[in-house]
Amino acid sequence: MTTFTWTVSQLDCYPQYDNQTDVVFTVHWTCSGTDGTYNGSVYSTCSVTYVAGTPYTPYADLTQDIVLGWIWAGGVDQASAEAAVQTQINNQINPPVVSPQLPWIN
């Protein structure tokens, strides 16, 4: 069984935007997985947009869970990312392509 871990590694922010400070516009994320022996990971970014007048969470009050909620609501397909990681792990267990030694080389 594979255990998946989602991590936010960086937030890109506008220093000032619509009278708010440190307004996030890009989230850098990684989905990694392990079955205890084999590992895989997917890295990407997701753009997020603050709309003036909507509720704003100050940067200092953000949590990883809040930001992950943004990216999943903003188009990052959690199931697809985890499936891609699982495929990497499966391909390590059962490689779809191999390169055996040339038969004329001893």
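Visitor: Which residues of H1 are buried?

Guide: The term buried means under 20% relative accessible area, exposed means over 50%, and partly exposed lies in between, with a 1.4 Å probe and protein chains only. Helices (H or I, at least four residues) and strands (E, at least two) are DSSP runs, numbered from the N terminus. In H1, Val67, Leu68 and Ile71 are buried. Seen down the axis of H1, these buried residues fall within an arc of 100°, so they line one face of the helix; the arc is that of the directions from the helix axis to the C-beta atoms. On the other side of H1, Asp65 and Ala73 are exposed. Just after H1, Gly75 has a positive phi of about 120°.

Visitor: What kind of model is this, and how are its residues numbered?

Guide: This is a predicted model, in which local features need pLDDT of at least 70 and side-chain atom pairs count only at pLDDT 80 or more, while totals for chains, interfaces and linings use all residues. Residues are numbered from 1 along each chain as its sequence is written, and side-chain values use heavy atoms, with hydrogens and water left out.

Visitor: What do the buried residues of H1 pack against?

Guide: Contact means heavy atoms within 4.5 Å. By that rule, the buried residues of H1 pack against S1, S2 and S3.

Visitor: How are S1 and S2 paired?

Guide: Two strands pair if DSSP finds at least two bridges between them. S1 (residues 3-17) and S2 (residues 20-34) pair in the antiparallel sense over 13 bridges, and Phe4 stands opposite Gly33 in S2. The two strands form a hairpin with 2 residues between them, and Asp18 in the turn has a positive phi of about 50°.

Visitor: How many bridges join S2 and S3?

Guide: S2 and S3 (residues 39-47) pair over 9 bridges, again in the antiparallel sense. Thr45 in S3 is the bridge partner of His28. This hairpin has 4 residues between its strands, and Gly36 in the turn takes a positive phi of about 100°.

Visitor: How many residues does the largest nonpolar core have?

Guide: In soluble globular proteins, nonpolar side chains tend to be buried together. A nonpolar core is a set of buried Ala, Val, Leu, Ile, Met, Phe, Trp, Tyr and Cys residues joined through side-chain atoms within 4.5 Å. Here the largest has 17 residues, and those with the most contacts inside it are Trp6, Val27, Trp29, Cys31, Ile71 and Val76. S1, S2, S3, H1 and H2 each supply at least two residues of this core, and the largest share, 4 residues, comes from S2.

Visitor: Which residues of H2 are buried?

Guide: An α-helix has 3.6 residues a turn, so residues three or four places apart point the same way. In H2, the buried residues are Ala81, Glu82, Val85 and Ile89. They cover an arc of only 95° around the axis, which puts them on the same side of H2. What covers them includes S1, S2 and S3.

Visitor: Which residues does Glu82 touch?

Guide: Not counting residues up to four places away in sequence, Glu82 touches Phe4, Trp6 and Cys31. Glu82 is buried, because its relative accessible area is 18%.

Visitor: Where is the cap of H2?

Guide: Asp77 caps the N-terminal end of H2, with a side-chain oxygen 3.1 Å from the backbone nitrogen of Ala79.

Technical notes: Polar contact = N/O pair within 3.5 Å; in protein donor to acceptor, adjacent residues only side chain to side chain.
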